[in-house]
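Subject: Structure handover

Hello,

Here is the structure for your files. My notes on it follow below.

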Amino acid sequence: MVYDGIVLGLVVGLLRGGFRYGLTQFGNLRIRGGLWFPLLLLLQFAVFELNDRSSAFASVSGIIFIAVYAAGLYLLWLNRSTPGFLFIFAGVFLNFLVMAVNGGKMPVSLDAAKVLDPYYVHLLESGTVATKHYLMDSATRLSFLGDIIPLSKPYPRTQVISIGDIVMNAGIFLYLQYILVPDKRQIKQEMEAKQS
């Protein structure tokens, strides 16, 4: 779901602020701990891959996911004064919270999952999904924070998302608007400075 917020934020931001300005802004981009974000993402992909290859690794993958989320939350908190980052932090925290109280896995509503590929639903029902998801049941804690919101046509990608995903994507969108769209007051000040 995070990709949706990035794509929408980029498209709207570049249309509003201009392609040239947007590229310049990307060149000047500064995020505290910024290099760690892609490394944490790569670590998540590595965990996905190893889950499918080793049942022993799969048994501890929840702990690794929690550690990755905790590190990500710390980095997001370092950037909290940047517009949009408090929303990103809040969304990631909500996902972290529901995973932390459910053994490091994200609970998925069966009703919501019915928009997905039937094969994936079958894997959820059989309990053989070896990723960070599992089928929600009566023992699930904070189930309202799990993946309970189905998205399908006319939405471009069929998926099931959480409240945390929505909050996080709102933050990503706001942040991209902040960096891609020039501040009108700043432009006015610059123009006045050039005229005087």
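Asn169 counts as buried because its relative accessibility is 7% (buried means under 20% relative accessible area, exposed over 50%, and partly exposed in between, with a 1.4 Å probe and protein chains only). This is a predicted model, in which local features need pLDDT of at least 70 and side-chain atom pairs count only at pLDDT 80 or more, while totals for chains, interfaces and linings use all residues. Residues are numbered from 1 along each chain as its sequence is written, and side-chain values use heavy atoms, with hydrogens and water left out.

Asn169 belongs to helix α8 (helices are DSSP runs of H or I with at least four residues, strands are runs of E with at least two, and both are numbered from the N terminus). The Asn169 side chain comes to 2.8 Å from the backbone oxygen of Asp165. Helix α8 covers residues 163–180, 18 residues in total, and spans 26 Å from first to last C-alpha, close to the expected 26 Å at 1.5 Å a residue (the expected span is 1.5 Å times one less than the number of residues). The buried residues of α8 include Gly164, Asp165, Met168, Ile172 and Tyr175.

**Overall layout**

The protein has nine helices and four strands, in the order α-α-α-α-α-β-α-α-β-β-β-α-α along the sequence. Of its 196 residues, 35% are buried. The accessible surface is about 11,800 Å², with 66% of it on carbon and sulfur atoms (areas come from the Shrake-Rupley method with a 1.4 Å probe; for residues, only the protein chains shown count as cover). Among contacts between residues at least 6 apart in sequence, 70% join residues at least 24 apart (a contact means heavy atoms within 4.5 Å).

**Salt bridges**

Side chains of opposite charge can pair when their charged atoms come close. There are two salt bridges in the model (a side-chain nitrogen of Lys or Arg within 4 Å of a carboxyl oxygen of Asp or Glu). One of them pairs Arg157 with Asp4, with 2.7 Å between the closest N and O atoms. Arg157 sits in the loop between β3 (149–151) and β4 (159–161) and Asp4 in helix α1, so the pair ties together parts 153 residues apart in sequence. Arg157 is partly exposed at 37% relative accessible area, whereas Asp4 is buried at 14%.

Lys114 and Asp111 also form a salt bridge, at 3.8 Å from N to O. Lys114 is exposed at 56%, and Asp111 is exposed at 60%.

**His133**

His133 lies in strand β2, residues 133–135, and is buried because its relative accessibility is 18%. Its side chain makes a polar contact of 3.4 Å with that of Asp147 (a pair of N or O atoms within 3.5 Å; within protein, one must be able to donate a hydrogen and the other to accept it, and residues adjacent in sequence count only if both atoms are side-chain atoms). Leaving out residues up to four places away in sequence, His133 touches Lys105, Met106, Val108, Tyr120 and Asp147.

**Nonpolar patch**

Tyr3, Ile6, Trp36, Leu39, Leu41, Leu42 and Phe45 make up a nonpolar surface patch with about 700 Å² of accessible area together (patch residues have over 30% relative accessible area and no salt bridge; like charges are joined within 9 Å, and nonpolar side chains, Val, Leu, Ile, Met, Phe, Trp and Tyr, within 5 Å). Helices α1 (2–17) and α3 (36–53) are the elements giving two or more residues to the patch. The largest share, five residues, is from α3. Phe45 is in helix α3 and is partly exposed, with a relative accessible area of 42%.

Regards
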